[in-house]
Amino acid sequence: MREIQGKDVIEAVAGMCMRGNTVLPADVRRKLEQAMAAEDSPSAVEVLRQLLENADLASDTKLPLCQDCGLAVLFVEVGDDCKVVGGNLRDLINEGVRKGYADGYLRKSACDPLTRANTGDGIPAIIHFDMVPGDKLKIAYMAKGGGAENMSRVTMLAPAQGWEGIKRFVIERVAEAGPNPCPPTIIGVGIGGTFEHAAKIAKRGLLRKLDDVHPDPKIAAMEKELEEALNALGIGPMGLGGKTTVLGVKITLEPCHLASLPLAVNVQCHSQRHEEVVL
């Protein structure tokens, strides 16, 4: 049984929070550059130019990419042959988030849902745990801003609606969202499981690299079809029109009950802030 020290978990999570909010991932930057080169609209080109300039400034100054530093969402894979010592794993992760948001001077956005009273320290984080083979601890962090999260939806389709129903719902959701989630966006689509599981896998899909290709050719074709349909909406960067409404679509498909067709659409803004560490 391999031991992992609790202090290492705290430092790793804190570092992810700070890096994730100040350094735009390379795959997202490449997509923005490609989009700018492909755009015909002067306003779309200018918006994309400003987004890239903002990313440079954030990286140079260590200031956040966006004033909304998001609610911390973490996906944690715990190897069945490792043991975390020095504290409860959930508490250690939350302490890492608290430290990262404090040391990085990041906006704390966690609050009571009714009184709206801020918790003052950015926690509790939203943490999803999975047990996996091996002796490693893998932690993926995502900063989920309110503007994009508010545009996300879960629905239960009738099985007979199939792919056409799925496609229609995703397109309608992005069209209705319009400029609100600060496009160009990344769209996570969860198909299958149950009501709550569809939402989880839709969000988990956002951790994939934007320039990867799904290993299942059928799902890869679905992603391409949806991406083309969404970009044809013409919403464009920041809603000012153009060819680039989304930077990518990531579909996760899992088995479901034979009487159900759960579907979740999780919207992420152009500032796709995420980090990953393996301990």
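Entry 1, salt bridges. I began with Arg 19 and Glu 275, whose side chains meet in a salt bridge at 3.2 Å, N to O (a side-chain nitrogen of Lys or Arg within 4 Å of a carboxyl oxygen of Asp or Glu). Arg 19 belongs to helix 1 (residues 6-22) and Glu 275 to strand 10, so the pair ties together parts that are 256 residues apart in sequence; helices (H or I, at least four residues) and strands (E, at least two) are DSSP runs, numbered from the N terminus.

I note that this is a predicted model, in which local features need pLDDT of at least 70 and side-chain atom pairs count only at pLDDT 80 or more, whereas totals for chains, interfaces and linings use all residues. Residues are numbered from 1 along each chain as its sequence is written, and side-chain values use heavy atoms, with hydrogens and water left out.

I found Glu 254 in a salt bridge with Arg 204, the closest N and O atoms being 3.1 Å apart. Because Glu 254 lies in strand 8 (residues 246-256) and Arg 204 in helix 7, this pair ties together parts 50 residues apart in sequence. I looked up Arg 204 and read a relative accessible area of 27%, which counts as partly exposed (buried means under 20%, exposed over 50%, partly exposed in between, with a 1.4 Å probe and protein chains only).

I saw Arg 208, Asp 212, Glu 223 and Lys 250 linked in a network of salt bridges. Within it, Lys 250 and Asp 212 have their closest N and O atoms 2.7 Å apart. Lys 250 sits in strand 8 and Asp 212 in the loop between helix 7 and helix 8 (217-231), 38 residues apart. I noted that Lys 250 is buried at 3% relative accessible area, whereas Asp 212 is partly exposed at 29%.

A pocket is an open set of points on a 1 Å grid over the protein atoms alone, where a 1.4 Å probe fits, with protein on both sides within 12 Å along at least five of seven lines; lining residues have an atom within 4 Å of a point. I listed 14 lining residues, and among those nearest the centre is Arg 204.
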